[in-house]
Amino acid sequence: MLTHVIRLTARKSRELFRVRLSYQTQRYLFIYIVLGIPLLYFLSTRMLPIFYAFNVSVREWNLLSSEKPFVGFENFSTIFSDEIFSKSILNTFKFVLIGVPGQLIAGLAVALLLQSIYRFRGFFRTIYFIPYVTSIVAVSWVFRWILMRNGWLNEVLLQLGIEPQLFLQSPRQALILVTLTMIWQSIGFQMLVFMTGLEAIPRMYYEAASIDGASGWRKFVHITLPLLNPVIVFSAVIGVISYLQSFGQVLSMTNGGPLNSTTTMVLYIYNLAFQQFKMGRAAAATVVLFAIILVLTLLQLKVLNKKVEY
Amino acid sequence: MQNKKGIKSITTLLAIILVLAGCSSNSSGSSNDKKENAKPSNAATEPTASEKSEPEKEVSIEYWQYEFPAKVELIDELITEFQTLHPNIKVKQTNFPYDQYNQKVATLVPAGKGPDIINLYYGWLPKYVAAGYLQPLPQDSFPTAEIEKDYYPLVEAAKIDGSYYAIPTAVRTLALFYNKDLLDKAQIKELPTTWEQLVEDSIKLTEKDAKGQFVVEGLAWEPGAQLHHWYRDGLLPQAGGQDLSEDRRKILWADTPAGLEAFQYLLDFAIKHKVGINGFYENDSNAFMNGFAALNIDGSFRLGSIKKDFANLNFGVAPLPSYKAQSTPSSFWANAIPKNVEGDKLKAATEFLKFLTSKEVQEKWVDRIGELPAQKAVASQDKYVKDEKLGPFITQLDHSRAHFFIDETQEKTLFVDATNEVLVNHVSVEKAFNDLVAKVQKLYDDYWAEVDKKK
């Protein structure tokens, strides 16, 4: 999309310098200028800091000091020799691998269920959407209390005669529980995206399939899924990016513990930058995260974005 | 094809421009000082400023501390009082939430919005000093010899490279909080004064249900709260061990058997005696204040919150049990002056700092906040020593310690991790202890390497 705009701009600007402006050109010029204003904003608030982070990543900068000596790739070698950083990368991938499929499946399931009812659809849609607009910290704390050592869930387990669990205090369970919280909170958003996608699939395909005697499952596999592909690609890309940036729930629920089992890259960056004031190293970790997001996104667009003919 | 090339060159150009822009804004760091001195907005917020006809030039300074309602309120009153005493100095208070304090300070300072006096936790001082952010307190107003004569020795944690960088109004110590009702119920008449008695009593006080789950903890056990301090400044020296070498470079926990003995003692409450566990009612103070923990090791700062939110709690305070020697963990928040404060502002800041450390303010601080006076002469007055709640905290001040921190958060995290290795991963106490010592030592080595590099 962006490259398309840039390409058009480049072409237009070449035309601009060649001849006087025709009415058509003037019109386009106006449109592009209007389109360019948010682009400028984007450049100054998003792109500029990114490049600035590249710059900081090769400097040693204590946030409180005004000196920022150039140190080359020292920051990178330091963070890569830090086992917590490697662990945070691994954890981040776990968040993505559990979170994204979980969110897509849960969101799709809810969307399909909602699509097959007519009464109370708006009501349920609202109910499912509420967690998405609830504050992350509030949700995290509610789950913390549910999952507390002598909390509600352990109470239930005891009643059922099951050993109480450590939950958030267990290095094995904490990450999954935090991910589940994140999935639970994003179901509403995912559901809405899928519902819009489902609405766009023409009814006649299903009718035709029914006439041919296709079962519900086959209709789902051969009509719904392929035609939802653009929506799935969009959701997967957005989902991967957002799970790669897992932070709020982690900070509020476990603060990276126990034993760094839930430390994510963003939490690691946050701790370096704002707890230890080591901006250079934090920026280096940011650059690594940036690279990972970039590569994964490009890969996904390549792999998932197959054209569907119908 | 040509099109693509064009885009490529445009984006490269853009990238270069952006990087350059990034670099240039880099060098503007020194403009902080100028902005700092200009600060026109303060005068406007003080309507009385222009009414005073002082011959001398008016100075306005800014005071930063974290958001603790009682402290904010008291400082506001103190500012009014101070301004009547010094009509040509205006003080403005700014607050940030505790959780975000470091973060806010760290982001606002490079943006050129700095304080003239800043309230910092003593454990953060090395980090701030290493960054070159603070200046030593002016010697003529705060002579080192006098500080060491008047203040409790724990304040020495604010002495870095031979100079004091901060001075507190008040300090805190830890003590043993006990729930009187629960002690009566368990028929415990005498308070524990030794390590053994503490174990015995907490076993007696522990209550579990039929399924073996805690109903009441004998001793609340939360490594992420005060236990880290209890270990380093309480148990370790009590067992005859030492925390740090004289030059603050080497962790000495493992140099004597005392280190492991103290660590084992601390962990045994959870793994052997099973009288308390982390995460019970979220944390130790919650469990204690709600009556689900009979004993808890907590700070004098808790008095205020109990008074406010749990007024009906029937509790008492006793000095910490001891072993071969007495030792009590202590800590403090101290006021420091940033490096870029100079001239009239420095004079004004020094004046305000003198006021904040005066006897009157220290006394107000005890009454209103519940933190203990930092000066011996003020704290040792009968009215405080004989107070049922304050007394035990104050009598412990003489043998109190506040260990030096490289990085409070990281050191605490390492300690919590070590306890988790034992609790969750079933690593042996000895191995967890040795790993802990090695990891903390690594933290110190990195810190000193950085400091040495700057010299």
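**Notes on the predicted model**

1. In chain B, among contacts (heavy atoms within 4.5 Å) between residues at least 6 apart in sequence, 76% join residues at least 24 apart. Chain B holds 20 helices and 14 strands, where helices (H or I, at least four residues) and strands (E, at least two) are DSSP runs numbered from the N terminus. Of its 455 residues, 55% count as buried, a term that stands for under 20% relative accessible area, with exposed meaning over 50% and partly exposed in between (1.4 Å probe, protein chains only).

2. A word on conventions: this is a predicted model, in which local features need pLDDT of at least 70 and side-chain atom pairs count only at pLDDT 80 or more, whereas totals for chains, interfaces and linings use all residues. Residues are numbered from 1 along each chain as its sequence is written, chains are lettered from A and ligands numbered from 1 in the order in which they are written, and side-chain values use heavy atoms, with hydrogens and water left out.

3. The interface between the chains draws on 40 residues from chain A and 41 residues from chain B. Chain A and chain B bury about 3,800 Å² between them, 58% of it on carbon and sulfur atoms; buried area here is the accessible area (1.4 Å probe) that two parts lose on being put together, summed over both. The rule finds three salt bridges across this interface, a salt bridge being a side-chain nitrogen of Lys or Arg within 4 Å of a carboxyl oxygen of Asp or Glu. A:Arg281 forms a salt bridge with B:Glu450, and the closest N and O atoms of that pair are 3.9 Å apart.

4. On the side of chain A that touches chain B, at least two residues come from each of α1 (2–18), α2 (23–57), α6 (136–146), α7 (152–159) and α12 (265–275) of chain A. The element that gives the most to this side is α2(A), with five residues. By residue class, the side of chain A that touches chain B divides into 20 nonpolar, nine polar and eleven charged residues, where Ala, Val, Leu, Ile, Met, Phe, Trp, Tyr, Cys and Pro count as nonpolar, Asp, Glu, Lys and Arg as charged, and the others, Gly among them, as polar.

5. Within chain B, the domain assignment gives domain 1 (4–172 + 332–401) and domain 2 (175–321), and such bounds come from an automatic or database domain assignment. Contact between them involves 16 residues of domain 1 of chain B and 18 residues of domain 2 of chain B, and the area buried between the two domains is about 1,400 Å², of which carbon and sulfur atoms give 56%. In domain 1 of chain B, B:Lys389, B:Phe393 and B:Arg401 lose the most area to domain 2 of chain B, together 40% of what that side buries. The rule finds one salt bridge across this domain interface; B:Lys180 and B:Glu388 form a salt bridge, with their closest N and O atoms 3.0 Å apart.

6. Which parts of chain B does the salt bridge between B:Lys185 and B:Glu207 tie together? The closest N and O atoms of this pair are 3.0 Å apart. B:Lys185 lies in helix α8 (residues 180–185) of chain B and B:Glu207 in strand β8 (residues 207–208) of chain B, so the pair ties together parts that are 22 residues apart in sequence. B:Lys185 is exposed, at 58% relative accessible area, while B:Glu207 is partly exposed, at 29%.

7. A second salt bridge in chain B joins B:Lys354 and B:Glu351, whose closest N and O atoms are 3.7 Å apart. These two residues are separated by about one helical turn, because they are three residues apart in helix α14 (residues 343–356) of chain B.

8. Lastly, A:Thr263 sits in the loop between α11 (248–253) and α12 of chain A and is buried, with a relative accessible area of 5%. A polar atom of the A:Thr263 side chain lies 3.1 Å from the backbone oxygen of A:Gly256. Leaving aside neighbours within four places in sequence, A:Thr263 is in contact with A:Ile84, A:Lys87, A:Ser88, A:Asn91, A:Gly256 and A:Tyr268.

Definitions and conventions
A polar contact is a pair of N or O atoms within 3.5 Å; within protein, one must be able to donate a hydrogen and the other to accept it, and residues adjacent in sequence count only if both atoms are side-chain atoms.
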